[in-house]
Amino acid sequence: MLNFDQDRFVRIQSGAVSIATEIKPLMSRLLDEGLERLFFMGTGGVQFLTLPAVELAQRSSTFPVAASYPAQVIIEPPAGLGPKALVVTPSLSGTTKESVELLGFLKARGVRTLSLTGHRDTPLGRDADFTFTNFAEDDTSSESFYLQTLIIVLSLLSARGEFDDFDAVVDELKLLPKLLVGVKEAFEDTAATLAATIKDETYHIFTGAGSVWPEAHYYGMCILEEMQWIRTRPVHAADFFHGTLELVEPGVSVFVFKGEDPYRRLSERVENFARRYTDKVRVLDAADASLPGISPRVRALISPIILATRLERLNAHLEVLRNHPLTTRRYYKRVEY
């Protein structure tokens, strides 16, 4: 596969799953100590990667779980952000400006914090009350953060008696890193062909629902816009028919992401409509992935991970064909704003 280190990838994703050993007893202890709220507060794209776990918690429990942007929280914090709350702050670098500022703000309010970083010797890695460091880089971070935040929420649900078989699910997740290599291999030729097809296109609509909607939003905004300077329009499949449908015409590119949860039908509705009016409908379906040993229950939880691991292969080919490395920026971390 193009520019891919299999051993490195498996090591990083295995590290993500391994936090289950410590997260489960930690969550039980925090609940025993009176934990009443859980927040996920990430800056930029990493916040999207927490949203499938947040939505799972909101569907499965009455325990308050929410996502908030650090830059907004510092201006006007949400209700309940106090000593009985836990804030999860993901940051690959561990140095993200808004998240570091948030950490100081939370400490002053007596809020407990749990950081997820790729580097330990950083402000977020050192100064959070609890920290889990799993080295990763941009090409491996999506799967890593999806897995870690999923395990955090599953441990919460398990500790509250709202999710059965936590250990059995984690055992399945331990199989995933090596299985994802096979998912990448199976998609490699498709990724190369798709990259060659879209390398000169200047606009795409991205849509999805349920657990894969955050990946659609993330890929459009954080990969194609930030890393390739290609204009996109991410829109939730439930909102597609309330505005964005009027932009569909021959030649317009529509990417439809399909997961394996009950919201799949919303993506299929968009797919069926778009095929009538444009010749450029690109479907990425998590159900196509071969994952021996992974149960339907777990597959429904990991659809965004499957799509993210495939899209990394598309990224690898796009940056070569467009002669635009994914690290190239004009403004991000280059100018003051």
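The side chains of Asp165 and Arg297 meet in a salt bridge, with a distance of 3.8 Å from N to O. Because Asp165 sits in the loop between H8 and helix H9 (166–198) while Arg297 belongs to helix H12 (residues 296–299), this pair ties together parts that are 132 residues apart in sequence. Arg297 has a relative accessibility of 38% and therefore counts as partly exposed. The structure described here is a predicted model, and each value below should be read with that in mind.

The protein chain is divided into domain 1, covering 6–164, and domain 2, covering 177–322. The C-alpha centres of domain 1 and domain 2 are 25 Å apart, and the contact between them involves 23 residues of domain 1 and 24 residues of domain 2.

The size of an interface is often given as the accessible area lost when the parts come together. For domain 1 and domain 2 this buried area is about 1,900 Å², and carbon and sulfur atoms give 75% of it. Of the area that domain 1 buries against domain 2, Phe48, Glu143 and Tyr146 supply 29%, which is more than any other three residues.

## Polar and charged links across the interface

How many salt bridges does the rule find across the interface of domain 1 and domain 2? The rule finds one. Lys184 and Glu143 form a salt bridge in which the closest N and O atoms are 3.8 Å apart, and Glu143 is also one of the three residues named above for their share of the area that domain 1 buries. Between the two domains the count of residue pairs in polar contact, with both residues at pLDDT 80 or more, is four.

On the side of domain 1 that touches domain 2, at least two residues each are supplied by helix H1 (6–17), helix H3 (45–48), helix H4 (51–60) and helix H8 (138–159). The largest share comes from H8, with eight residues. By residue class, this side of domain 1 divides into 12 nonpolar, five polar and six charged residues.

## Ser144 in helix H8

Helix H8 also holds Ser144. Is Ser144 buried or exposed? Its relative accessibility is 1%, and since the cut-off for buried is under 20%, Ser144 counts as buried.

The side chain of Ser144 is joined to that of Asn134 by a polar contact of 3.1 Å. When neighbours within four places in sequence are left aside, the contacts of Ser144 are with Ile12, Gln13, Ala16 and Asn134.

## Salt bridges in the whole structure

A search of the whole structure finds 26 salt bridges. One of them links Arg8 and Glu137, whose closest N and O atoms are 3.0 Å apart. Arg8 lies in helix H1 and Glu137 in the loop between strand S5 (130–133) and H8, so this pair ties together parts that are 129 residues apart in sequence. The two partners fall into separate accessibility classes, for Arg8 is buried with a relative accessible area of 15%, whereas Glu137 counts as partly exposed at 39% relative accessibility.

A further salt bridge is formed by Arg313 with Glu312, the closest N and O atoms again being 3.0 Å apart. Here Arg313 counts as buried at 0% relative accessibility, and Glu312 is likewise buried, with a relative accessible area of 8%. Elsewhere, salt bridges that share partners join Lys258, Arg264, Glu268, Glu271, Arg275 and Asp285 into one network.

## Glu162 in the loop between H8 and H9

Glu162 has its place in the loop between H8 and H9, and at 28% relative accessibility Glu162 counts as partly exposed. A polar contact of 3.0 Å joins its side chain to that of Arg160.

Which residues does Glu162 contact once its neighbours within four places in sequence are left aside? They are Ser60, Ser61, Thr62 and Leu157. The C-alpha atoms of Glu162 and Leu56 are separated by 11 Å, although these two residues are 106 residues apart along the chain.

Notes. Residues numbered from 1 in each chain as written. Predicted model: local features only at pLDDT ≥ 70, side-chain atom pairs only at ≥ 80, totals over all residues. Heavy atoms only, no water. Domains from an automatic or database assignment. Contact = heavy atoms within 4.5 Å. Buried area = accessible area lost by both parts, 1.4 Å probe. Salt bridge = Lys/Arg side-chain N within 4 Å of Asp/Glu carboxyl O. Polar contact = N/O pair within 3.5 Å; in protein donor to acceptor, adjacent residues only side chain to side chain. Helix = DSSP H or I, 4+ residues; strand = E, 2+ residues; numbered from the N terminus. Nonpolar A, V, L, I, M, F, W, Y, C, P; charged D, E, K, R; others polar. Buried < 20%, exposed > 50% of the residue type's maximum accessible area, 1.4 Å probe, protein only.
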